[in-house]
Amino acid sequence: MAKKRWGKIVDLNKCVGCHACSVACIAENKVEEGKYRTKIIEHEEGVFPNVYKYTEKWSCNHCQHAPCVDACPTKASHYTEWGTVEVKPELCIGCGYCVLACPYRVRIMNERKHGGLPEKCTLCVHLLEKGKKPACETSCIAGAIITGDLNDPHSEINQWMAKGAVERRPDLMTHPNVFIIPYRR
Amino acid sequence: NTRTPLRADATDIKYKHGVCEICEMNCAFLGKIENGRLVKLEGKPKDQHSRGSLCAKGNAGINMLYDPDRLKYPMMKTVPDRIPGQDPKWKKVSWEEAINQAAEEIRKAIDKYGPQSVIWIGHNKGNDFLRAIGSPNNITHMSTCNAVRIWATNVTLGVANYVPDFENSKYILCFGWDQLGKGKNSLARGMIEGKVNNNAKVVVFDPRLSTTASKAHEWIPIRPGTDLAVVLAMLNVIISEERYNKEFVAKYVDGFEKLAEEVKKYTPEWASRISDVPADTIIRIAREFSSGCPAVIPIHKREAIQVRPGGFELVRACLAMMAITGNIERRGGALLPRIAPLNNPAPKVKPPEIEVKERVDGGHLFPLAVPAPLGGTGLYQSVPDMILKEEPYPVKVAIIYGQSLQSMPQTDKWIKALQKLDYIININIYPDDMATMADLVLPESVYLETAHISPRITNARYPQIAVGEPMIDKLYDTKEVDEIKYLLAKKLGVEQYMPALRGKALLNYRLRRYGITYDEALKKGGILNGSQKFEPRDLTSLRTESGKIQLYSSRLEEMGYHPLPWFDEKWLLHPEAKDEFYVVTSRPAVHRHAKTHNMKWLHAIMPEGFIYMNSTRAAELGIKDGDMVELTSRYGREKGRVKLIQGIRPDTICILHGFGQKSPYLKLAQNNGPNDSQIMPAYPKETNIALKDPVGASLDCHFIVKVRKV
């Protein structure tokens, strides 16, 4: 069987910015209060009455060329065999270089767990492995999120890919596994 | 395995079936219990309401359960004054003492002033208790909420609600409807699927670029309070151009000719002058809506467009527009609700007829809104005046349940009225402003500690019952509201007039018609399905005057109201001075009214409410983003922070509802921003009568404020 490559797509035409994903993620992953592995960013552009706005779910993009992995002095930040980026707490020294290196600013330093280590979205791989969906996707009230195996040509995520999914900030050359379908006016 | 998760694995994990009670959608979920502690709520994919998802509020439900600020035992106030947020010097008492005291106060009031001097304010759960003691005064929150929708739909379709079938729609037309922005789970999913998967065109009229408007193909920033004019003009276009569904109208609609005559005067040009919407746009949208495709106009509740004078007519006009285009009880249009019935237990002894028919809210003057002494939705907003004037009789004791001070329009007037009472009993979860004003605080259990059977009346696309069990044992010395009512009735010696079934026997009785017990329902997954197939209902045997869809109502005419949807230019308001604005209200996605502000995850996302204002207009007034401003209306004064945006009309501000908590006992929610109710009117009944609204004009969300930087 071909190796899995987990990925995610957020359709910004569906995202209503309700924060269900943020809160579900906090509950599932026991994220520290006031910190977010996934959050909502609001955009408003234009001048009345020609205004448009949209919201965007913002979390780790699981880059295939990840600045955070490059920056890590102890190889605690690493690529997993299924294409995601994770942190090994037993190797992490809490220097915070990865937090600074991430161009998407999605890593957070927790203060409670393990005495201050960086954390971020894991794509809920612990749920994906059991055939479940990540907490954010399950909770999304607009059905704007899809997670799946990008290497499986028949997966639903690849059908979404065909709808015009793009990388966030391709200019950064990080080649994320998390994509967006951009907001169309 | 190269992955070392940053989480300790729990040893003992259990799942239990639950029903969310944060909002009226009642989504079903599974609660994950790790080592005896509830840690996560997960939607159930089999639930057709939630379709497996839960909103931010639903997800954060466990915050309410484990909130350290919760009320933990009954308490009595030991200082005489009632000032919201002031230290009541609470004294802990036992349930026995609390019930004795409450019953004594109720008994005293009944003996001296009659049973009508005891009133119930808040969620509509006081009926059986009031009937038992003989008081007609069930002052529900509904006239600040969904009363307009209930009665307008009742007159037209003979039901309390209709369900927008978004998924199959091709044209979704919204007037101020923003359930996407409010994070309404089942409605949001349907709307997005209709738009993205079914390619429905979405058009939103709203003075503000709401979340729904931002997802629409077309956003029309209409002048606040003028939606009705636009709908009437659209009816004019559809009828004069003969674009209505003649076959459907002939078969299922009553009063079409009279409506056609009435709307002749509401021309697109007339509506355009009132609403700022170009006449061409009104004509085009009317044509698009009546092109024959499945089309729908959703209506929810407590929306600024609807909860105001003329709101009743707006809902009727929207229903008329769907009716004449053949979009009632049609896939992709407005469906009649499909509600699974439950057995309601009757009392052992039938309570005697209530002697005093006259209600304190003047509800008897609005026979549509209050058809019987205890029935109906009431006129919440006229109560404070009546208490202050002691008209038609003095009120002495109030039992307040599920109602916050932040939801009481013209809050200062309400506070004065509450201060006049002899005794206030507050059944509450939180020590909020209302609790600090009460003489006796009775702690209610959180929904995660109790059993539930919910028929899910709101957005009932399918008859589906959700059954839930307590997630964990009660954390504190709290009780459910039904038990509190029963204990009070027992102490007053009238318990024979209350339904006697309790606990599991009651749960089993409610499900009996389905041939299943509560325990079996849980074993089956906590979801009971009715027929899932869509079978259109007969539109000639509705519970209306003619049995058909009722556009012209003789019943309203007999009561002295306008039998057809109509428009009165007196309803319109105009800001005149440079610092005057229209007000619209909205609710954020992460909070439900004033109920969720002390839940830590939600508080972290939105700790403070604010006021949206157009940045160009703000610059003219020297107001910068984040500035504190003072809002002054004819009804009150309030301070809040502004958030400057471009997506709102320059002549309008939008206040988020539910904020403005002062109680120091809610450590997170205290001082969380402006209270919109403070500046809203609570009309005396005379004003309500003058407004000629059969629902009593309901709460009026349409008013003008002066804005001043402070």
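Two strands are said to pair if DSSP finds at least two bridges between them. The model described here is predicted.

**Strand pairing in chain B**

Strand 22 (residues 580-586) of chain B is joined to strand 27 (residues 704-709) of chain B by three bridges, and the two run antiparallel. Within strand 27 of chain B, the residue opposite B:Tyr582 is B:Ile704. Strand 24 (residues 628-632) of chain B is also antiparallel to strand 27 of chain B, and four bridges join them. Here B:Val629 has B:Lys709 of strand 27 of chain B opposite.

A parallel arrangement occurs elsewhere in chain B. Strand 15 (residues 397-401) and strand 16 (residues 423-428) of chain B run parallel and are joined by five bridges. In this pair, B:Val397 lies opposite B:Tyr423 of strand 16 of chain B.

What is the order of the strands in the open sheet of seven strands in chain B? The order is 5-4-17-16-15-6-7, and the pairing is mixed. Strand 5 (91-92) and strand 7 (138-140) of chain B are the edge strands, each of which pairs on one side only.

The table sets out like quantities for each chain.

| Chain | Helices and strands | C-alpha extent along principal axes | Buried residues |
|---|---|---|---|
| Chain A | six helices, ten strands | about 50 × 45 × 35 Å | 47% of 185 residues |

Chain A contains six helices and ten strands. Its radius of gyration is 16 Å, close to the 16 Å given by the globule rule for 185 residues, so chain A is as compact as a globular protein of that length. For chain B, the radius of gyration is 25 Å, which agrees with the value near 27 Å that a compact globule of 710 residues would have.

The separation of contacting residues along the sequence can also be described for each chain. Among contacts in chain B between residues at least 6 apart in sequence, 73% join residues at least 24 apart. In chain A, 57% of the contacts between residues at least 6 apart in sequence join residues at least 24 apart.

**The nonpolar core of chain B**

Which residues touch the most other members of the largest nonpolar core? They are B:Leu232, B:Met234 and B:Met321, in a core of 265 residues. When neighbours within four places in sequence are left aside, B:Met234 is in contact with B:Ile282, B:Ile285, B:Ala286, B:Phe289 and B:Met321.

**The contact between the chains**

The contact between the chains involves 42 residues of chain A and 41 residues of chain B. On the side of chain B that touches chain A, the elements giving two or more residues are strand 3 (37-43), helix 1 (56-59), helix 6 (185-197), helix 7 (211-214) and helix 21 (600-605) of chain B. Of these, helix 6 of chain B gives the most, with six residues. Sorted by class, this side of chain B has 20 nonpolar, 14 polar and seven charged residues.

Notes. Residues numbered from 1 in each chain as written. Chains lettered and ligands numbered in written order. Predicted model: local features only at pLDDT ≥ 70, side-chain atom pairs only at ≥ 80, totals over all residues. Contact = placed C-beta atoms within 7 Å. Nonpolar A, V, L, I, M, F, W, Y, C, P; charged D, E, K, R; others polar. Rg over C-alpha atoms; globule rule 2.2 N^0.38 Å. Core = buried A, V, L, I, M, F, W, Y, C linked by C-beta atoms within 7 Å. Buried ≥ 20, exposed ≤ 12 C-beta atoms within 10 Å, placed from the backbone.
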